[in-house]
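Reader: I am new to this structure and would like to go through its ligand site and one of its pockets with you. Could we begin once it is in view?

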Amino acid sequence: MQIAFIGLGNMGAPMAVNLVKAGHSVMVFDLVEAAMQVVEEAGARRGASAREAAEGAEVVVSMLPAGEHVKALYLGGDDQPGLLDELTERPLLIDASTIAPEDAREVAGEAARRGLSYLDAPVSGGVGGARAGTLTFIVGGSDAGFAQARPVLEAMGKNVFHAGDSGAGQVAKICNNMLLGILMSGTAEALALGVKNGLEPAVLSEIMKQSSGGNWALNVYNPWPGVMEQAPASNDYQGGFLVDLMNKDLGLATNLALASRAPIPMGGQARNLYALHASQGSGRLDFSSIQRLYRAGEEGETS
Ligand code: NAD
């Protein structure tokens, strides 16, 4: 298939490389020149603009930082036309960025008015999953669009879910990441309490893992340094999923809750904890570093 890929950052670049590896003809564009190089080396072609990359494509995939970038790409602004008005053919549009559901619905609506199909398809699995081609895609949009997108998404991911209509992929992704923020901070809190009362973090982790407190953070992403060799906690909280990105997702959850009048006291608490943590200079650390917030004051520990 001929595929255009727009946005070649930490996630987009390895995803585009996996499309090339799957045998697709891929044309890429990023505002940053250097971002396109690694994908070109893997065999993709470079477009001079998003429009040029998308011209003649059967599918357009975008992976951009936030809703404002997605709307600027597809809808345009500041007297610049968006891709929706520039396309002469009718490719399937798949946006894999994490953005507000209402932004996704707005772009989907404008696309539909022009006879184009747009899917929101945010991902879970992080940079490691993007590289390994094991991402989970959570898709919102029509049945027909979903069926058409599936083989493309399967070249970049292991699980592909259809959450519902436009925006539903974003809602599901936001719910998942709010729960992740709650689980990670709750796990860090329980570990800090146990250690303060004389327990070994590895022993307590194993006990909770096999008991009713067991959860994903304890199973594969322990926030206490040294408990799990492969976890970012054991590598000074480098790599993994940034505190800044967790804050972005908890902000989306807060806005969604306000707009739908849904109470999220636990999500709100997680949002405050992560905002405090980021304000102390930890934005670029992995999100399991929330453990440090609970250890502030210990020798050698700052938040
Ligand atoms: P990133 O900042 O590394 O990459 C974004 C890229 O988009 C940059 O290279 C930027 O130059 C480019 N860009 C911005 N506007 C553009 C435009 N108009 N045209 C072309 N290129 C443009 O971000 P990332 O970490 O790759 O994340 C991308 C999305 O995936 C975000 O929405 C994020 O929330 C989501 N996400 C990230 C992770 C993660 O672990 N990094 C995990 C899951 C979901």
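Author: A polar contact, as the term is used here, is a pair of N or O atoms within 3.5 Å. The model we are looking at is a predicted one.

Reader: Which residue has a polar backbone atom 2.9 Å from an oxygen atom of the ligand?

Author: A polar contact needs a pair of N or O atoms within 3.5 Å, and an oxygen atom of the ligand lies 3.0 Å from a polar backbone atom of Thr98. The distance of 2.9 Å, again from a ligand oxygen to a polar backbone atom, belongs to Met11.

Reader: Which residue brings an N or O atom of its side chain to 2.8 Å from an oxygen atom of the ligand?

Author: The shell around the ligand has 23 residues, and those that come nearest are Asn10, Met11, Asp30, Leu64 and Lys248. The side chain with an N or O atom 2.8 Å from a ligand oxygen is that of Lys248.

Reader: How much of the ligand does the protein bury?

Author: An oxygen atom of the ligand is 2.8 Å from a side-chain N or O atom of Lys248. Taken alone, the ligand exposes 840 Å², and the share of this area that the protein buries is 86%.

Reader: Why does the ligand lie between domain 1 and domain 2?

Author: The shell around the ligand divides into 13 nonpolar, seven polar and three charged residues. Because residues of this shell come from both domains, the ligand lies between domain 1 (2–165) and domain 2 (171–295).

Reader: Which element gives the largest share of the lining of the second largest pocket?

Author: The second largest pocket, with a volume of about 160 Å³, has two elements that each give two or more residues to its lining, namely α9 (168–196) and α13 (265–282). Among the lining residues are Ile182, Leu183, Met266 and Tyr294, and by class the lining has six nonpolar, four polar and one charged residues. The largest share, six residues, comes from α9.

Definitions and conventions:
Residues are numbered from 1 along each chain as its sequence is written. This is a predicted model: local features need pLDDT of at least 70, side-chain atom pairs count only at pLDDT 80 or more; totals for chains, interfaces and linings use all residues. Side-chain values use heavy atoms; hydrogens and water are left out. On a 1 Å grid over the protein atoms alone, a cavity is a set of points where a 1.4 Å probe fits but cannot get out, and a pocket is an open set with protein on both sides within 12 Å along at least five of seven lines; lining residues have an atom within 4 Å of a point. Grid points are joined across faces, edges and corners, and a volume is the space filled by probe spheres set on the points. Helices (H or I, at least four residues) and strands (E, at least two) are DSSP runs, numbered from the N terminus. Ala, Val, Leu, Ile, Met, Phe, Trp, Tyr, Cys and Pro count as nonpolar, Asp, Glu, Lys and Arg as charged, and the others, Gly among them, as polar. A residue is near a molecule or strand if one of its heavy atoms lies within 4 Å of it. A polar contact is a pair of N or O atoms within 3.5 Å; within protein, one must be able to donate a hydrogen and the other to accept it, and residues adjacent in sequence count only if both atoms are side-chain atoms. Accessible areas come from the Shrake-Rupley method with a 1.4 Å probe; for residues, only the protein chains shown count as cover. Domain bounds come from an automatic or database domain assignment.
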